[in-house]
Amino acid sequence: MTPPLPDSERSRRIYPLLQNQDLENVSQATLKSVGDPISIENLNEDELRKLVLVNLARLSVKGEWNGLLTSATSTQYALEPIDASQLTTYNRFVPYSVDRTFGDAVASATMEDKALFSRFVAPKSGAMGDFTLRTSATNTSKDDCKVAIYSTTNGLPGTLVGAISMDVNGGGDLYTSSSWTTTPTLTAGDTYWIAFAPEGSAKPAISGAAVALYLELGITHYPGTGYTTLYNNGGTNYDLPSTITDSQLTAVNDKNLPIWSFKYA
């Protein structure tokens, strides 16, 4: 058996609460909620060392040193772990995680006025090609669905790296396009944000999942509601800006978030 760190005792809090998390998905908010109750005294020195060790390992894996080398964002959300079925060429992403039981309905719904954001991890490096949305409704004379890919800055949507408009007028079907106005090039293992907004007030209906009820399974690091989605509540209607303003975002879990897929070019 591998010996622990020198003078290390059995972890009473850090490892038990984080044992089901992987380093890619452990956020600064997670570590804060786990470490905040620990008082600074000699008796807790071993747990504090473990907290620092986990944070350094997390930052090394994610390559995000914000908060150590630069000023961290003041906005923090308890965002749930990313869940996606990721293959080498075709990738289908579902807008909810697997750590909870919940009531959800997968159906077509009219898009929100403002942008909705959710995260995904690129399974391999390369440019995005065919992008697909689905609708089970009939859309007639509706505006396009705008889609944008954003980099991650301090754990939140940062700068736009790709954009495409999807015409989903017609009957219930799959709608695919590769006509990116800006083609996003992804890096394997990096976290990105995808955003959806209608082109105008004639909002189309697209298929998505509206997660309604949550029940935590087992030990959780979420002190309250875990969110799956960010809504640009303070932003402009029908807009996918080139850079996101953190203060305009609101964490939500009751919106109809589109189900989507893409193929590497």
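Start by selecting R119, which stands opposite W193 in strand 11. The model on screen is predicted.

Now select residues 116-121, which make up strand 5. Is this strand enclosed or open to the outside? Five of its six residues are buried, so strand 5 is largely enclosed by the rest of the structure.

Six strands form it, in the order 8-7-11-5-14-15. The sheet is open and its pairing is antiparallel. From one strand to the next, the twist averages 30°. Strands of a sheet pair through backbone hydrogen bonds, either parallel or antiparallel.

Which strands stand at the edges? They are strand 8, residues 156-166, and strand 15; each has a single partner strand, so one side of each is left without a neighbour in the sheet. At the strand 15 end, three bridges join strand 15 to strand 14, and the two run antiparallel. Select L230 and look across to strand 15, where A251 is its bridge partner.

**Charges over rings.** Return to Y231 and show its side chain together with that of K255. The charged end of K255 sits over the Y231 ring, 4.6 Å from the ring centre. For a second case, select K124 and Y264: here the charged end of K124 sits over the ring of Y264, at 4.9 Å from its centre.

**The aromatic cluster.** Select F120, F131, W180, Y192, W260, F262 and Y264, which form one aromatic cluster. The count of aromatic pairs comes to seven. One of them is F131 with W260, a stacked pair with 5.6 Å from centre to centre and 20° between the planes. What parts of the chain does this pair link? F131 lies in strand 6 and W260 in strand 17 (residues 260-264), 129 residues apart, so the link is between distant parts of the chain. Both F131 and W260 are buried.

**Two loop residues.** Next, select S141, in the loop between strand 6 (126-135) and strand 7 (145-153). S141 has a positive phi of about 55°, although it is not a glycine. Its relative accessibility is 66%, above the 50% cut-off, so S141 counts as exposed.

Then move to Y238, in the loop between strand 14 (229-231) and strand 15 (250-252). Y238 is another residue other than glycine with a positive phi, near 65°. At 24% relative accessibility, Y238 counts as partly exposed.

**Confidence.** Finish by colouring the model by pLDDT. The protein averages 77, and 72% of the residues score at least 70. Select residues 69-74, where the pLDDT is below 50; this stretch has eight contacts in the model beyond near neighbours in sequence. Residues 94-103 also have a pLDDT below 50, and that stretch has 41 such contacts. Where pLDDT is low, the predicted coordinates should not be read in detail.

Conventions. Residues are numbered from 1 along each chain as its sequence is written. This is a predicted model: local features need pLDDT of at least 70, side-chain atom pairs count only at pLDDT 80 or more; totals for chains, interfaces and linings use all residues. Side-chain values use heavy atoms; hydrogens and water are left out. Helices (H or I, at least four residues) and strands (E, at least two) are DSSP runs, numbered from the N terminus. Buried means under 20% relative accessible area, exposed over 50%, partly exposed in between (1.4 Å probe, protein chains only). Rings of Phe, Tyr and Trp (its six-membered ring) pair if their centres lie within 6.5 Å; planes under 30 degrees apart count as stacked, over 60 as edge-to-face and the rest as tilted. A charge sits over a ring if NZ of Lys or CZ of Arg is within 6 Å of the ring centre and within 35 degrees of the ring normal. Two strands pair if DSSP finds at least two bridges between them. Axes are lines fitted to C-alpha atoms, for helices over the stretch in contact, and angles run from 0 to 180 degrees between N-to-C directions. pLDDT is the predictor's confidence in each residue, from 0 to 100. Contact means heavy atoms within 4.5 Å.
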